[in-house]
Amino acid sequence: MSSLPTSCSLVFLQGTMENDGSLVARSNYRWNDSLITKTNAQIQSGQSMLSIENDLTGKDFTASLKGMNPSIIEGGLKGIFIASYLQSVTPSLALGLEAVWQRVAMNSSPEALLSYGARYVGSDWIASLQMQSEGPQGSGISSSYWRKLTDKVSVGTDLSLQFAPGLSGQGGLMGGGLQKEGSASAGAKYEFRASTFRAQVDSKGRSSCLLEKTILPAVRVTFAAEMDHLKQQAKVGVGVAIEATSEDLMEQMEKGTVQAPSVPF
């Protein structure tokens with residue numbers, strides 16, 4: 001694997017190539033203090049993905065326009081396009097909306113979706129609500145709540161309810177009702193001096209935990225586990241991340257002046 005990042009005040013370029021031939025490239029270009037363009041391209045296993053995003057930040061609003069795999073070479077426009085806008089009404093309350101338009105292929109009809117959102121920020125808590133208008137996949141509503149209990153402990157909950165068109169008994173197409181599906185999850189995060197522990201449970205019988213441990217300033221180890229109690233399935237994983245470090249830090253590590261963090265975790 002090789003990675004070559006290049007950055008300055010206006011441009012950021014980064015590319016990564018794996019030994020199997022997969023390629024990931026990112027670039028950011030800052031037009032001014034308010035407008036930035038982000039590009040992400042991936043080529044892996046014969047499949048490619050391209051996304052172009054423009055973010056505009058004002059004094060009391062943010063706007064974004066994103067396109068994924070845009071193309072007009074087949075005689076028409078296809079791809080996924082997302083436009084969002086968030087406006088601060090008060091220092092604590094913000095309202096916004098998001099529009100999604102997509103067409104997978106020219107022989108398929110385009111689909112559009114509109115959703116509305118609100119977010120309220122308190123002194124040590126954040127609450128948000130999102131409503132999705134009815135589209136091809138139905139409509140839905142979701143809410144989340146996050147609270148910081150102490151300097152090291154924070155908790156959060158998430159609730160969502162989806163409504164999809166369906167058939168109801170013998171009513172047929174004209175008598176079809178709504179298929180309702182809901183889910184709820186709760187999680188907690190605890191920050192140690194050199195590690196972070198996260199745990200989550202949901203209403204579908206799944207529980208998971210994640211532990212991130214910093215061994216050295218450039219080395220981070222991650223342990224993850226998930227259990228599905230209804231399906232009687234479990235997953236366990238471990239990962240190691242080694243980041244590029246400066247020459248000064250490398251010299252300190254070679255001299256032994258940088259000590260590994262001690263317990264807990």
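Which residues lie nearest the centre of the largest pocket? They are Gly187, Ala188, Arg198, Ala199 and Gln200, part of a lining of 18 residues. Before we go on, keep in mind that this is a predicted model, where local features need pLDDT of at least 70 and side-chain atom pairs count only at pLDDT 80 or more, while totals for chains, interfaces and linings use all residues. Residues are numbered from 1 along each chain as its sequence is written, and side-chain values use heavy atoms, with hydrogens and water left out.

Back to that pocket. A pocket here is an open set of points on a 1 Å grid where a 1.4 Å probe fits, with protein on both sides within 12 Å along at least five of seven lines, and lining residues have an atom within 4 Å of a point. The largest one holds about 270 Å³ of space. Strands β13 (153-165), β14 (178-191), β15 (195-202) and β16 (206-216) each give two or more residues to its lining; a strand is a DSSP run of E with at least two residues, numbered from the N terminus. Sorted by class, the lining has eight nonpolar, seven polar and three charged residues.

Side chains of opposite charge can pair when their charged atoms come close. The whole structure has seven salt bridges, each one a side-chain nitrogen of Lys or Arg within 4 Å of a carboxyl oxygen of Asp or Glu. In one of them, arginine 198 meets glutamate 212, with the closest N and O atoms 3.6 Å apart. That pair links β15 to β16, across 14 residues. Arginine 198 is partly exposed at 30%, and so is glutamate 212 at 24%; partly exposed sits between buried (under 20% relative accessible area) and exposed (over 50%).

Glutamate 181 and lysine 204 make another bridge, at 3.9 Å. Glutamate 181 is in strand β14 and lysine 204 in the loop between β15 and β16, so parts 23 residues apart in sequence get tied together.

Tyr85, Leu97, Tyr116, Leu129, Met131, Ile141 and Leu161 make a nonpolar patch of about 600 Å². Such patches join nonpolar side chains within 5 Å, using residues with over 30% relative accessible area and no salt bridge. One member, tyrosine 116, is in strand β10 and is partly exposed, at 45%.

Key: Points joined across faces, edges and corners; volume = space filled by probe spheres on them. Helix = DSSP H or I, 4+ residues; strand = E, 2+ residues; numbered from the N terminus. Nonpolar A, V, L, I, M, F, W, Y, C, P; charged D, E, K, R; others polar. Patch = residues over 30% accessible without salt bridge, like charges linked within 9 Å, V, L, I, M, F, W, Y side chains within 5 Å. Areas by Shrake-Rupley, 256 points an atom, 1.4 Å probe, with all protein chains shown as cover. Buried < 20%, exposed > 50% of the residue type's maximum accessible area, 1.4 Å probe, protein only.
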